[in-house]
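Here's a quick tour of one model, written for someone who likes to know the cut-offs. Have the viewer open as you read.

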Amino acid sequence: MVVVAGAIVLSMSNAVDYEQTYADGLQAARLGNTQRVNEAVSVLSGSEAWRPQVAILTGLQHKSAGRYREALVSLAEAQQSEATREESFLQAGLICYELKEFREAISLLQRVTAWNADNTLARRMLAAAFYDIGAMDQALDEIGQVTRLAPEDYRPHFMKGEILKDYEQFQLATGAFSAAADLAVAGSTGEEDVRVGWSECLVRLGRYSEALDVLKPLQATPVVMVRRAQACYFLRQYDEARTMIEAVLPQMSDDIDAVTLAVSLYEQERDYSAGMQLISSALKRQPRNIRLLSAAADVFGAAGQQEQAAGFRERSASIAELQQRFSELHQAAVQDIDDVGLRLQLADVAEQLGKPRIARTWLEAAVGMAPQDDAVQQAWTTFREAHADLFDGPRTNETTP
Amino acid sequence: MTSPKLSYHLALAAAVLLVAGCGRPASEEGTESVQPSTGETDISTGRKEPAAAPPKKLIVPSDAASQQTSLSLVESSRDVFPEIVTRNGDEHGYATILESLGSGCAALDIDRDGWDDVLVAGGGGFDEKVCISEPLYAVRSRRGRFEDVTAMAVAADQQAQFYNHGLSVTDVDSDGFMDVVLTGYQGVQLFRNRGDGTFASPETPGLQSSQWSASAAWGDFNGDACPDLLLVNYVNWSFDNDPPCYAADGKTRDNCSPKQFEALPDEFFLSTGDGGYADATEATGVRPDGMGLGLVVADIDMDGHVDAYIGNDIMVNFLYRNDGQGHLEDLSRTSGACVSRRGTPDASMGIDVADFDGDLLPDLWAANFEQENFALYRNQGHMLFRHSSDMTGISAIGSKYVGWGSAMVDLDLDGDHEIAVCNGHVVKHPRHAPVKQSMILLENGNGTYFEDVAHLVEATARPRNGRGLAVIDFDRDGRPDLMTSPVNEPAALLHNQTPVDGHWLHVDLIGRQSPRHPVGAILKLELSDGSVLLRLQKSGGSYASSSTSTLLFGFDTQRQARKLTVNWPSGAVSEIDTPEVDRRISLVEPRAGQSSGATPVPQ
């Protein structure tokens, strides 16, 4: 019989169950429970044989406190022991990923999968890292491995579909989405995500009727209605498309697809005034969105307002250049894992692009790499002052629309 | 042309997964007599609403299984073409980026017998690590039967001097015989047509380049009636700047991406009017940062001055508006015709210009790299364009092709342009698509929707490592044929055997105040139902290739031709009332105060 007393697991004979203590410590570290991790470290420190496990837990403590370099040093201590080697490399790989040192992360995680081909977390993180550096094929290979390890899970197929869609490989993406749809629970939000992505690919492939068929099992949520309206628009069923989009536009006024489709429908009716008004309103909320700017240029151009149209194109070009700059810096950062200045530049460009959360992650990476660097500290302080709102409450993801 | 790239979108999506001189010949009247015109010279160059819909077809999106097409192109093994093979030297195993570009072809009537002949840029190879040339091939048409006349037409000491890619045709010296410029690695070479079926390539004052040019196009940019030359250059590769690049296995050498190199500035050569040229690159405002592959020169904004559109690799395309004085305004940021629908640069190779939707405005086409959509930019007027690939079904062809030579051409003589593209990969060991790829053949559904029917057509379904593509009506039956020059394969003639129930009218323009080959001229054929067909005299287009200079009109038999109007680059206007159809005519530019008519070329 085992009695749980605090974080420490004792057997009936009061002997410490180090193995269980270590497992609890790992669990506590994942949950961010510092106190329980400390207790586990305290217990395990009593045995020289469990020193590598202590190093793992200490490393995780450093990691949760944002002391990434110290974390890596602690984890390195655990690399010599066969019992902790895999966990050590895995955790170091995760830290490198967080630091956006993707090449290093890939190298560490690949060693994990070499030892244990069934380490699902390592596979998922490898897929993420490959995706981040634009290595689509390797990302898809890893996702294939995840699919093997979790054959009933729709998510790897969904991820594969999303990656292929992003690379405009729509034909291949439809296969992945189809597989995901077979596994997703009917009526779940997962099923909706899958079918919406699938229908988007079918629309891009010009298979509009099929897109409508794919959406048929879904409830008429606003997102689904936008996709249906898109398919109807391309099938030249303008009345149906108009009815759908008008019904959901109030709730989807920040959705790029909904807004641009509504503008296209106005253009179809030659109601340029309404189209210009709608797109101008959307641009006030999302002034740096290239698709909105392009749609604005299209409708203003169609309305004969060439100067405004050219202005929108110009703005779009400026933003595209910033994006290009970001992409180049990102590539450089992937290659050069020691350049703090690159991280600062990435943060700066992300901020110019109106992506403060992305900027924050790169600044955090810079702080993690060079916490004593004056320039880094200055940039970090300035950023915190400018974006105090970002430091209240939980973090959220920020991606391009 | 590029390897898979990390998009900004992906970069931000980090955590998603976690979870001769141009002087005038003495007279033209002796060669082509003209009929007087009764028409006025006042024509509208403004925008019109789209032409009334021809009744015959409307393509709607369909399942592949139910697809049909009347288009028929059959690969012709006519005579010598199987022996005309372009080379890139890849057998040496150097795996240089130089081998990626391939070579183009040209259709032109070398000997003025009324039958278009063919030139093919032979490409190049290597002697140790020295780039060497393959010949410029000349193929003469004898009433549609072809004969390799290379040895006779281009003497050995006049042959191509460098590893070559592109051809661009015009009459540089206004002698009535088309000349040709050859582009390539560290050279540019003008071949003057001597009028006896042979070419000479004497040194041309001022026309030198040590860059690496892919395509070239001619046009009178400054209004002096002498054709100037725009040359698009690629990257600064050399054997001294040849980093090792590898295929996906990380071990096998493969051609590098252009990202490994720096862009070479394009070049502009202004005719000096005495047979020479002056480098006017800086004065004209040509950007120094392109990685140019495709180029077309035409009067895109229809203001009477030739403009230029350049397809660049891995960066935005360039659209230049010419002020008529040879100053080029870069509209790449404002036109909408230079980026993808995401607003990001594509890697463009083949390009073209034509009015695909019948609204009497020239639209632009760009064939791009794999994992990118091919782009059709609809002209909204005032040099504003909208990306229309989604709207027109172009996106449905997917993004698996690497597109090169392109032709917007009315293959079925129904009045609208189909789009033909030849495709082929740039690397030896691609991961996402084969090296040899089928063509794309986009059938135009009344200017509103395109459907790729290449797989239903014998000659386009066959995979090739495609590069050059040119339009030629080799058998003079009115139906435009295609010829293509794939890499390390024989050039191929794609014989158009589409059953047609339409009329055709082919027009050859002969400039007098304008250049003899009047690039920039605008033709409008008004039909009995009030619709109007627009055609442009252009130079370049496609990729490294040059299509016939004859302008091709087609329309169904339910309509009659009412009036043909030509706006010449000089500002002169010609009008032909009720032109006779199903024939080829020549039209001579009127001198000031004169009108002009047309006379059939002897059949």
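## A serine and its contacts

Leaving out residues up to four places away in sequence, S316(A) touches I290(A), L293(A) and S294(A), where contact means heavy atoms within 4.5 Å. You'll find S316(A) in helix α18 (residues 306-335) of chain A. Its relative accessibility is 7%, so S316(A) counts as buried; the cut-offs are under 20% relative accessible area for buried, over 50% for exposed and partly exposed in between, with a 1.4 Å probe and protein chains only.

## Ground rules

This is a predicted model, so local features need pLDDT of at least 70 and side-chain atom pairs count only at pLDDT 80 or more, while totals for chains, interfaces and linings use all residues. Residues are numbered from 1 along each chain as its sequence is written, chains are lettered from A and ligands numbered from 1 in the order in which they are written, and side-chain values use heavy atoms, with hydrogens and water left out.

## Chain A overall

Chain A has 21 helices and two strands. Both kinds of element are DSSP runs numbered from the N terminus: H or I with at least four residues for helices, E with at least two for strands. The C-alpha atoms of chain A fill a box of roughly 85 × 50 × 35 Å along the principal axes.

Of the 401 residues in chain A, 53% are buried. Take the contacts in chain A between residues at least 6 apart in sequence: 49% of them join residues at least 24 apart.

## Helix α3 and two partners

Helix α2 (residues 34-44) and α3 of chain A have axes that come within 9 Å and cross at roughly 155°. That makes α2(A) roughly antiparallel to α3(A); angles over 145 degrees get that label, under 35 is roughly parallel, 65 to 115 roughly perpendicular and the rest oblique. Axes here are lines fitted to C-alpha atoms, for helices over the stretch in contact, and angles run from 0 to 180 degrees between N-to-C directions. On the α2(A) side, the contact includes T34(A), V37(A) and V41(A), and on the α3(A) side it includes Q53(A), L57(A) and Q61(A). The contact residues split into six nonpolar, five polar and no charged.

Helix α3 (residues 51-64) also packs against helix α5 (residues 82-98) of chain A, at about 15° with the axes 10 Å apart. That makes α3(A) roughly parallel to α5(A). Among the residues that meet are I56(A), L60(A) and K63(A) from α3(A), and E87(A), L94(A) and E98(A) from α5(A). This contact divides into six nonpolar, four polar and three charged residues.

## A four-stranded sheet in chain B

Over in chain B, four strands make an open antiparallel sheet in the order β33-β32-β36-β37; strands pair if DSSP finds at least two bridges between them. β33 (532-536) and β37 of chain B sit at the edges with a single partner strand each, so one side of each has no neighbour in the sheet.

Strand β36 (residues 561-567) of chain B is mostly covered, with five of its seven residues buried. β36(B) and β37(B) form a hairpin with five residues between them, and G571(B) in the turn has a positive phi of about 105°.

How values were computed
Ala, Val, Leu, Ile, Met, Phe, Trp, Tyr, Cys and Pro count as nonpolar, Asp, Glu, Lys and Arg as charged, and the others, Gly among them, as polar.
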